[in-house]
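Subject: Structure handover

Hello,

Here is the structure for you to look through. My notes on it follow below.

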Amino acid sequence: MPLSASLARGVAPATPGTLHARTVTGELSAPPRHGLTVRFGRGEKPDVDLGVGVDDLRVSRRHGELTYLQGLWWLRNTGQQLVRLPRGRMMHLTTEPIPLTTGYTPLFVKGSGYREHLVELYVSGHDDQGPVSRRHAETVRPETWSLDDDERLLLVILGQRYLLYEEEPRPLTYRQAAERLAYLRPEGKWNERKIEFRVEAVRRRLHGTGFKYQLLHDKSEGRPVDNSLLQNLIKGLVESTTLVPPDLELMEDEEDWPDSAL
């Protein structure tokens, strides 16, 4: 499955206050014009400007809207299902509109079963300069790291709570990940031992590359539990945008997981 771009990596230069919005079905930009409203949901134009959860009947045809007033974009949930923001904040149909801050904000629209549909939002600020030519500048260590397809899927599954921007997230256990991989990639013959081996291989490969967090045991400081190193790996990959919310699309079959895999 080809990987999608993400607004988490920034946007091209635009007038401060410009709204950029993106889902798996499309994207748009809207100028900061007083009274302008951008709508998203399962429906089609002219009812909505941006489709989300178009195959999910739990998503309302007009599920949410953003209106530019008083120099800010105000988000309102107009659908039957909840909308979740970072740090676990929920918006109900009756919740008062909230203003977006400058920069990146991911929204998750609750759908059928365990499905959540991502709406990426980005409000341009005065400091957004877009790509700047730095041909004569010294080379800077890359902020992202290469992962093969199996590694990316594995780490997305283990770190899905981080990509969902839950409050105080924790990785899934290797057992939970093995159950999900057995369903999504049965030909891979995944088990806990294989997952442990692959995660350790990624940690060893990224160690010493400028990765932000500790990835290997430091014997002089005692032996930390492996789970702390796994948390370090996932946090670093998410914070560097090596893993981004659109990568959750790799688990699109999630709604069909058997109960034993949930």
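Two strands count as paired if DSSP finds at least two bridges between them. Strands E7 (residues 83-84) and E8 meet that condition, with two bridges in the antiparallel sense. In this pair, Arg84 stands opposite Met90 of E8. Please keep in mind that the model is predicted.

Overall content

The protein chain has five helices and eleven strands. Of its 262 residues, 45% are buried. The chain exposes about 14800 Å², and carbon and sulfur atoms supply 47% of that area. If you take the contacts between residues at least 6 apart in sequence, 57% of them join residues at least 24 apart.

The sheet

Six strands make an open sheet with antiparallel pairing, in the order E2-E1-E11-E10-E7-E8. Which strands stand at the edges? They are E2 (26-30) and E8 (90-91); each has a single partner strand, so one side of each is left without a neighbour in the sheet.

At the E2 end of the order, strand E1 (residues 19-23) runs antiparallel to E2, and five bridges join them. Ala21 stands opposite Leu28 of E2. The two strands E1 and E2 form a hairpin, with two residues between them.

The axes of helix H1 (residues 149-158) and helix H3 (residues 174-184) come within 10 Å and cross at roughly 130°. H1 and H3 are therefore oblique to each other, since an angle over 145 degrees would be needed to count as roughly antiparallel. Their crossing is right-handed. On the H1 side, the residues that meet H3 are Leu153, Leu154, Ile157 and Leu158. On the H3 side, Tyr174, Ala177, Arg180, Leu181 and Leu184 take part.

Asn232 lies in helix H5 (residues 226-239). Is Asn232 buried or exposed? Its relative accessible area is 14%, and buried means under 20%, so Asn232 is buried. Leaving aside residues up to four places away in sequence, Asn232 touches Phe211, Tyr213, Gln214 and Leu215.

Regards

Terms used. Residues numbered from 1 in each chain as written. Predicted model: local features only at pLDDT ≥ 70, side-chain atom pairs only at ≥ 80, totals over all residues. Heavy atoms only, no water. Helix = DSSP H or I, 4+ residues; strand = E, 2+ residues; numbered from the N terminus. Buried < 20%, exposed > 50% of the residue type's maximum accessible area, 1.4 Å probe, protein only. Contact = heavy atoms within 4.5 Å. Areas by Shrake-Rupley, 256 points an atom, 1.4 Å probe, with all protein chains shown as cover. Axes fitted to C-alpha atoms, helices over the stretch in contact; angles between N-to-C directions. Parallel < 35°, antiparallel > 145°, perpendicular 65-115°, else oblique. Left-handed = near helix turned anticlockwise from the far one by under 90°.
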